[in-house]
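Reader: I am new to this structure and would like to learn how to read a few of its features. Could you take me through them one by one?

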Amino acid sequence: MNKKNLKFEILDFKLILMALLVSACSSNSKNPDTNSVKFKQYYVKGEELYLKHCSNCHQATGTGLGLVYPPLNTSDYMENNFESVLCLMKYGMKGEVIVNGKSFSQPMPGVFELTDLEIAEIATYIYNTWDHQRGLVDVTEASRVMDSCVAIPN
Ligand code: HEC
């Protein structure tokens, strides 16, 4: 084999490697992080906490209840207000809220004892179940949001 051919073979090999890498990355990009051990730990703990603190009202299936408890399974409010959702878990929510075009106005009591890690776990659960595919909500992200909660009205 002469030098020129060898060069081409190496180039070919590099191209194949690149193609493999690109396809591996793009198949993950739709669902970031959901294969990691960390994601699974957060998700499992988050489900447990959701069933303990939230499902009484919002139901285990996330459908909510009539016009009293708003839904989480499909919720434009959740999609558009990520930071407020983290805050309201701990501090509660009052006043009118429109979810998927329906009005809700019962006050929601906050669960004040939740730690930033528990908020991150519940958020990882509710934002990756039903219609939602957000990926891991890390505790560092949750802490950053929780530090800003006072600035949010309600
Ligand atoms: C006692 C019943 C009750 C519990 C327990 C409760 N919620 Fe709520 N939740 C409500 C009500 C009522 C509202 C609407 C508040 C309003 O109208 O201002 C609401 C609103 C919300 C919203 C915004 C609206 C929507 O549907 O997207 C989210 C998100 C939410 N709750 C998540 C949670 C999570 C997560 C927990 C557990 C940490 C939880 N809630 C616990 C009753 C409850």
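Reader: To begin with the loops, where does Trp130 lie?

Author: Please keep in mind that this is a predicted model. In it, Trp130 is placed in the loop between α6 and α7, and its phi is near 55°, a positive value in a residue other than glycine.

Reader: Is Trp130 buried or exposed, or something in between?

Author: A residue is called partly exposed when its count of neighbours falls between the two cut-offs, 20 or more for buried and 12 or fewer for exposed. Trp130 has 16 other C-beta atoms within 10 Å, and it is therefore partly exposed.

Reader: Which phi does Gln59 have, and in which loop is Gln59 found?

Author: Gln59, which is not a glycine, has a positive phi of about 75°, and it is found in the loop between α3 (55–58) and α4 (76–80). Because 15 C-beta neighbours lie inside 10 Å, Gln59 counts as partly exposed.

Reader: How should I read the packing of α6 and α7, and at what angle do they pack?

Author: Two packed helices are described by the angle between their axes and by the distance between the axes. Here α6 (residues 116–126) and α7 (residues 139–146) pack at an angle of about 110°, with their axes 8 Å apart, and the two helices are therefore roughly perpendicular to each other. Their crossing is right-handed.

Reader: Which residues make the contact?

Author: From α6 come Asp116, Leu117, Ile119, Ala120 and Ala123, and from α7 come Val139, Ala142, Ser143 and Met146.

Key: Residues numbered from 1 in each chain as written. Predicted model: local features only at pLDDT ≥ 70, side-chain atom pairs only at ≥ 80, totals over all residues. Axes fitted to C-alpha atoms, helices over the stretch in contact; angles between N-to-C directions. Helix = DSSP H or I, 4+ residues; strand = E, 2+ residues; numbered from the N terminus. Parallel < 35°, antiparallel > 145°, perpendicular 65-115°, else oblique. Left-handed = near helix turned anticlockwise from the far one by under 90°. Contact = placed C-beta atoms within 7 Å.
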